[in-house]
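Trainee: Could we go through this structure together, one feature at a time? I would like to see how each answer is reached.

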Amino acid sequence: MSDLYHFPWRICLAGGWLDQPWCSKLCPGPVIVVNIHPHPMFKTRSGLATSTRKVGIALWGTDHGGKPPAKKASELARFLFNCENPVDCKYVSGSQDALGLMLPGISRLDYNGKYWPAETTTISDPETVAWLEEVLWLIPLPSRPDGYNPLKEQHLTEENAKKIADASTLAWEGILKKDSKLLGKGLTGTMSGWSALLPETVPSYSREWYQPFTGSEYDGCLFSGAGGGFLLVVSSTETALLKEKGFKISIKTTPWMSKL
């Protein structure tokens, strides 16, 4: 990508869709985001907040030497969120994109029916960061096709939203305890919740993508975004398949303008 080093990156590790009020009004819950260093395999239309990145690059001119104002990461995230979502916009992009891009480390964003989280908790201690970098793999998949609509079919119930909230909470517990099985169960549970709430986010053809990573040597998996892009796989074992197909990420724990 031509803008690989011009702006931060983030992955949504669990709980996606809860940053939309129509989801967290049904059941409050957390979204877990991770601020990461660039990797040559990153691409667009893959759940990596590349649309929000483009807004930020244009806003602060980081592709030709510009930089944001000297503000707190949370304030920069608000600037970015507001710029991407003007008052007359038809669709509001969730704030986990802007927050995930701006907040260093591993962050839990708790939503309760608003566009902005009610509470934010960030982890950046070296031990936890190193553990997550060790057990998390990304497997490249096809990007979302043009015209793809994850909202085409909707089953917006409290029960389905709770599946996502409970799974994301479990994933956070796994991170706190550095327990790959809990984390993996949280990712797999998030995928199940997505499928129940918005079936098109886990299309039928995607089974062939994640099926090879459902064996006992793998702790769980989830798409990086609706419809594919990358498969996030949690495993405490470095299998031959992971080494062949995947790569690991490096978590950024410092303010984003320092050594992108």
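Trainee: Which residues lie nearest the centre of the largest pocket?

Mentor: Happy to start there, keeping in mind that this is a predicted model. The lining of the largest pocket counts 29 residues, and the space inside is about 730 Å³. Those nearest the centre are Trp17, Tyr91, Ser93, Asp97 and Arg144.

Trainee: And which element gives the most to the lining of the largest pocket?

Mentor: Four elements each supply at least two residues of that lining: β1 (9-14), α2 (50-60), α4 (95-102) and β6 (220-225). With three residues, the one that gives the most is α2.

Trainee: How many residues of the lining of the largest pocket are nonpolar, polar and charged?

Mentor: Here Gly is counted among the polar residues, while Trp and Tyr go with the nonpolar ones. Sorted in this way, the lining has six charged residues, 13 polar and 10 nonpolar.

Trainee: Let's turn to helix α5. Why are its buried residues on the same side?

Mentor: Helix α5 spans residues 126-135, and its buried residues are Thr128, Val129, Trp131, Leu132 and Val135. They share a side of α5 because the arc they cover around the axis is only 160°. In general, an α-helix has 3.6 residues a turn, so residues three or four places apart point the same way. On the other side of α5, the exposed residues are Pro126 and Glu127.

Trainee: Nice. Which strands stand at the edges of the open sheet?

Mentor: The sheet has three strands, in the order β5-β7-β6, with antiparallel pairing. A strand with a single partner is left without a neighbour on one side, so the edge strands are β5 (136-140) and β6.

Trainee: What is the bridge partner of Gly220 in β7?

Mentor: Strand β7 covers residues 228-234 and runs antiparallel to β6, to which five bridges join it. Among the residues of β7, the partner of Gly220 is Val234.

Methods: Residues are numbered from 1 along each chain as its sequence is written. This is a predicted model: local features need pLDDT of at least 70, side-chain atom pairs count only at pLDDT 80 or more; totals for chains, interfaces and linings use all residues. Side-chain values use heavy atoms; hydrogens and water are left out. On a 1 Å grid over the protein atoms alone, a cavity is a set of points where a 1.4 Å probe fits but cannot get out, and a pocket is an open set with protein on both sides within 12 Å along at least five of seven lines; lining residues have an atom within 4 Å of a point. Grid points are joined across faces, edges and corners, and a volume is the space filled by probe spheres set on the points. Buried means under 20% relative accessible area, exposed over 50%, partly exposed in between (1.4 Å probe, protein chains only). The arc is that of the directions from the helix axis to the C-beta atoms. Two strands pair if DSSP finds at least two bridges between them.
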